[in-house]
Structure formats: C-alpha cells, structure tokens
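Let us walk through this structure step by step. Keep the sequence and the 3D view open side by side.

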Amino acid sequence: MTVNADSVWKECLSFIKDNIKPQAYKTWFEPIKPVKLSGEALTIQVPSKFFYEWLEEHYIKLLRVALVRQLGNEAKLIYDVKMENNYSSNRPQIVKIPSANRDPLKPQKVTVPLESNKRELRNPFVIPGLQKVKIESQLNPNYNFINFIEGDSNRLARSAGMAVANKPGGTSFNPLLIYGGVGLGKTHLAHAIGVDIKDKYPDKTVLYISSEKFTQQFIDSVKSNTRNDFIHFYQMIDVLIIDDVQFLSGKAGTQDVFFHIFNHLHQNGKQVILTSDKAPVDMQDIEQRLLSRFKWGLSAELQAPDYETRISILQNKLYRDGVEMPEEIVEYIAKNIKSNVRELEGVIISMIAQASFNRREFSLELAKQIVDKFVKNTKKEVSIDYIQKEVSKYFDMDVATLQSKTRKRHIVQARQLAMFFAKRLTKTSLASIGNQIGQRDHATVLHACKTVDNLTETDKQFRKYVDDLTKKLTF
C-alpha cells in the first residue's frame, strides 16, 4: 500500500476512534482533512484557529501516540489553519502552524514528614492541609530549548543549560549563573532548563521563582514566625531556579536565609540555577560568602545576538506564528534592531497587528515606520559606573578623584551630581548608590539629592551643569 497523507491519517483516525467518545470524535476529528506527508511530517487542515487550539490543549497526547505508531518517534504534526481575519487582502486564507507537541506541565507533589506536635509545613505558594504538598513548578512550557535559537552570542550558556537539564545536580555547573543585559533570553533559558528537566525526570521537584517573590515570602514568614518552615520548604526542592538574583542586593536577611538554603541544596546534590543582569564580580551589596558560592559553578554570559542569529530568531518567530513575510523585510528588521531579542519579537508582533487590524500589506515602508519607533523609544541603559565616568569627564577629573574623601568644593559638587543622577536614572537603592560612589551611606546620597535640587533653583551656573549632564546621560 502506498504511504501518503490520506493513508496515514486514515490509520491515525482508526486508532483515535477507539480511544475517545463517538461525539468527541465526530466534533473534533471528522472535520479534519489530511493535506500533505513530507518525510515524518504530516500536515492536516483544520477549520479555524480555535479548532487548532482545542486539539493542542485536549488531544495532543492522543494525536502524538497515533502519529508515532504510523511514522515513528520523529513524527511531526503541522496544522493548516483557516484564518477568519488574515493579514492582508491578497494573501491566502491558510496559515501553517507547527504543533507544540508537548503536554502541559503536571503539578508536583512532595511528601512532607509528619511531626509529633502536628505542625504543618507551610508552602509559601499554597497553604497545605494535607501531608502531600502540591508545588506548581511556575514554569512556562512555551519557553523551551526548541524555540531558544542558538548563536555565537549564547552558545556557551545554552550548551551548559542542556548539560544541566540532562544531569541536574550531577555536573560541575552547579550553580549555573546565566547573566547578560535586558531582553537577551536569561529568563527563557532558565525556564527551558526547568521544562527539559521535568520532561526527562518527572519525579524531580522543579521550582522557578523571581528573587522579589522569594524575598516577599521570606518577609511574610518572619511576620508569621514561620521562618524555619520557609527554609525547610525550599530545602525539599530538587532544582531551584531563581530569576534576577541581583535584586537580593542590600537585603541582608534574605541573603542570609538564601545562603542556608543554597548550602543545603548544593551539599545534597540538588541543582541551583540563577539569572542576573550582572556578572558576580559586578554585583554590589551582595555578601562575599554568597558571591563566592555563585562562582563555584559556571557563570555563562548571554550577549547581544549577531546578524545571522537575529535572522534565525525572526524566521523562527514567524514560522511559529504561521506567518509568511518577504525576506527583504526580515533582513531590514535584523539589520536595524540590534540590542536585544525582545525588541526583535516586538517589531514582528507590531507588524502582524498593523497588517491584520489595518488591512495593510507587509511592506518595507511599514517595517521602517515600526523600526523607527522602536529605535527612538529605546533608551540606553544607564549604569552607575557610566554616570560616574560621564560626570568625571565633564568636570575634567578621574573617577578615583570623584570617589575620594576630599572636601574640595568642585569635587564635592561633582560627587553629589553623580549621586543625584544615579538616583534619578537607575533603580538602585540609596545604600547601593552610596556604596558604589566612594563608600558613602544612604544618608549622604539623600543629602546630595536635596543639595542638587536646592542649587539648581538658586545657582544659574549649577543649573547649567545639571542641564548639560542630563543631555549627556539621557541622549
């Protein structure tokens, strides 16, 4: 018998029919038409986007089993979706969308030992009433390795992440610290490692949490006198992923409790994954004992993607959204949006929205309009180091002089201006600003900001300093 799309789909339907109720089969499978078989990829046509989403949510496991029986383990499913509102009037009414080919992540359960005094161990996410504590992994299955595009800018971090996912806690990459600028994929990669571990080791308890949420839970545990329960809960986790660990800066109590949790997990062969926008060496107001532990494993940097990687990212995004776009437009976007991946995807989403809602064709002109807005609206991230360099250059002195203990008036004013702009242009705490600008305390920073405000109103020359530096620092 000739193997083609019709014959493969007929066999799949025969299997599916035996495994679901007749009414469900009639509603969700009879309207499907086989379109094409290309190697191990079967393309089927479904009547609407809602239809495709329902199949992906409720029947993906059944579809996968049926396809694997016919086409082997490498079987792939692609949907031809009839779209009600297509992107432009001249385009066909069909878009191709690949199947995600994965089940939703299942809730995890951890057995909690019962204590003689019947105290319950409190889960910071859910207050349990039973011995089994349900822990949601907090992972997003859409952030996986399949749609994390590899390039020179992220190869080390991605490879290390895959090694950790294959053997959590069993590699020398423990902890794995992923660091880099805004929108380069730190959170995506952290989720991808967790999702891959859950796929390969369903019994392992994986937990993703932001450092802000971790801090808030710790504060709540102190208020309710359940600090020990908080620590014990986190010590039960097999793979702990903490996002934006730099926000622990200046929070001594949270750092202390994280130190004990980290030690316990590391000593017991559990995996710790951290993300940060700074390398360990650049982190301010983090205890040395914690920083030294961050350096135990591997610190992998994510850099801005090069041109080829940007092209691949855009093509992958379009493919997953079932959208076709002329090559010259994709190349134009990749050449002009260089800073991060989030902006690349933002331009594509804006293009699709404009074309769909305003009935406009995808064109180079439309791409230029959208890219111009993104480039103009993208402010350069200003760091405290950058502020100190610019202020020092403006007053013709070096950074060491600016940070020195001298009380000479022009140096004091320069230092106060650096503190003023650090408070205004960064999200750093007063204590951290003072610490970075000459080892001062937060009260000195507060005084500097008030002095600058007062002098700006009363001193014409000083107001010129502020105006000039504002232009320099905010472009």
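T187 is found in helix 6. Buried would need a value under 20%. Look past its neighbours within four places in sequence, and T187 is in contact with Y143, Y208 and D243. Remember that this is a predicted model.

An unreviewed UniProt entry lists G183, G185, K186 and T187 under "binding site". Find G183 next. G183 lies in the loop between strand 7 (176–180) and helix 6 (186–200). G183 has a relative accessible area of 7%, so this residue is buried. Which residues does G183 touch, leaving aside those within four places in sequence? The contacts are N340, V341 and R342.

For contrast, turn to another loop. G39 lies between strand 1 (33–38) and strand 2 (41–46). Its relative accessibility is 61%, so G39 counts as exposed. G39 and K76 are 37 residues apart along the chain, and their C-alpha atoms are separated by 9.2 Å.

Now take helix 5. It has 12 residues, 155–166, and at 1.5 Å a residue it should span 16 Å. Its end C-alpha atoms are 16 Å apart, which agrees. The buried residues of helix 5 are A157, R158, A160, G161, V164 and A165. They cover an arc of only 165° around the axis, so they sit on the same side of helix 5. What lies over them? The cover includes strand 7, helix 6, strand 10 (271–276) and strand 11 (298–302).

Aromatic rings come next. The model holds 19 aromatic pairs. In one of them, the ring centres of F214 and F230 are 5.3 Å apart and the planes meet at 55°, so the pair is tilted. F214 lies in helix 7 (residues 211–223) and F230 in helix 8 (residues 227–235), so the pair ties together parts 16 residues apart in sequence. Both F214 and F230 are buried.

Y394 and Y465 form an edge-to-face pair, with 6.1 Å between centres and 80° between planes. Y394 is in helix 15 (residues 384–394) and Y465 in helix 20 (residues 460–474), 71 residues apart. Y394 is partly exposed, at 25% relative accessible area.

Ring pairs also build a cluster, whose members include F214, F230, F258 and W296.

Finally, look for charges over rings. The charged end of K204 sits over the ring of Y201, 5.7 Å from its centre. R289 lies over the face of F259, 3.9 Å from the ring centre.

Notes: Residues are numbered from 1 along each chain as its sequence is written. This is a predicted model: local features need pLDDT of at least 70, side-chain atom pairs count only at pLDDT 80 or more; totals for chains, interfaces and linings use all residues. Side-chain values use heavy atoms; hydrogens and water are left out. UniProt positions are given in the numbering used here, feature names are shortened, and annotations may be inferred rather than shown by experiment. Helices (H or I, at least four residues) and strands (E, at least two) are DSSP runs, numbered from the N terminus. Buried means under 20% relative accessible area, exposed over 50%, partly exposed in between (1.4 Å probe, protein chains only). Contact means heavy atoms within 4.5 Å. The expected span of a helix is 1.5 Å times one less than its number of residues. The arc is that of the directions from the helix axis to the C-beta atoms. Rings of Phe, Tyr and Trp (its six-membered ring) pair if their centres lie within 6.5 Å; planes under 30 degrees apart count as stacked, over 60 as edge-to-face and the rest as tilted. A charge sits over a ring if NZ of Lys or CZ of Arg is within 6 Å of the ring centre and within 35 degrees of the ring normal.
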